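Reader: I have a structure open and a few things to ask about it. Can we go through them one at a time?
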Amino acid sequence: MKKIKIEQHFNQSADEVWAIFADVTRCDWVPAIEKITLNGDVRSFDMAGLGEVQERIILLDAEQRKLHYSVIKARSVLEHHLAKIHITEVGEGCYFFWETEIAPDEYAPAIEQGMHCLLYTSDAADERSSV
């Protein structure tokens, strides 16, 4: 199992950045997705090149600004997938932490590339600053 971690400082407040990820049906920050539906704790979407994907929302904690989710259905056979997002307030901005566990390991490079692409195309990306 591989672990991929991304940390990024944003100039916006933690609440502003959290608003992008807290709405688990919001997809304007994901270029390859046009619509996300939610049925209970499972969100579903079609992603260009990947087909239908379903993710179980494991944790959605607004107070701590944490989101954990796991792919439960995808075209690729995943043995394990767990993604964790955590946003913390710092000074005038915030830190964004995104960690994904993935198995088999061969999917790690594509997942990491996707995480970087999504992070840098999000609404918050325009206001990021280097750490």
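Reader: Start with Cys27. Is Cys27 buried or exposed?
Author: This is a predicted model, and in it Cys27 has 14% relative accessibility. Cys27 counts as buried because the cut-off is under 20%.

Reader: And Cys94, buried or exposed?
Author: Cys94 is buried as well, at a relative accessible area of 0%.

Reader: How many disulfides are there?
Author: Zero, from a search of the whole structure.

Reader: What is Ile87 in contact with, leaving aside its neighbours within four places in sequence?
Author: Cys94 is one of its contacts.

Reader: Which residues touch the most other members of the largest nonpolar core?
Author: Ile87 is among them, along with Phe21, Ile85, Phe96 and Trp98. That core has 32 residues. At least two residues each come from a list of elements that includes strand 1 (2-10), strand 6 (80-90), strand 7 (93-103) and helix 2 (108-121).

Reader: Which element gives the largest share of the core?
Author: Helix 1, with five residues.

Reader: Switching to pockets. What volume does the largest pocket have?
Author: About 690 Å³.

Reader: Which residues lie nearest its centre?
Author: Met47, Leu50, Glu55, Ile111 and Leu118, out of 32 lining residues.

Reader: Where does the largest share of that lining come from?
Author: From helix 2, which gives six residues.

Reader: And what is the lining by class?
Author: It has 23 nonpolar, four polar and five charged residues.

Technical notes:
Residues numbered from 1 in each chain as written. Predicted model: local features only at pLDDT ≥ 70, side-chain atom pairs only at ≥ 80, totals over all residues. Heavy atoms only, no water. Core = buried A, V, L, I, M, F, W, Y, C linked by side-chain atoms within 4.5 Å. Buried < 20%, exposed > 50% of the residue type's maximum accessible area, 1.4 Å probe, protein only. Helix = DSSP H or I, 4+ residues; strand = E, 2+ residues; numbered from the N terminus. Contact = heavy atoms within 4.5 Å. Disulfide = S-S within 2.5 Å. 1 Å grid on protein atoms, 1.4 Å probe; cavity = no way out; pocket = protein on both sides within 12 Å on 5 of 7 lines; lining within 4 Å. Points joined across faces, edges and corners; volume = space filled by probe spheres on them. Nonpolar A, V, L, I, M, F, W, Y, C, P; charged D, E, K, R; others polar.
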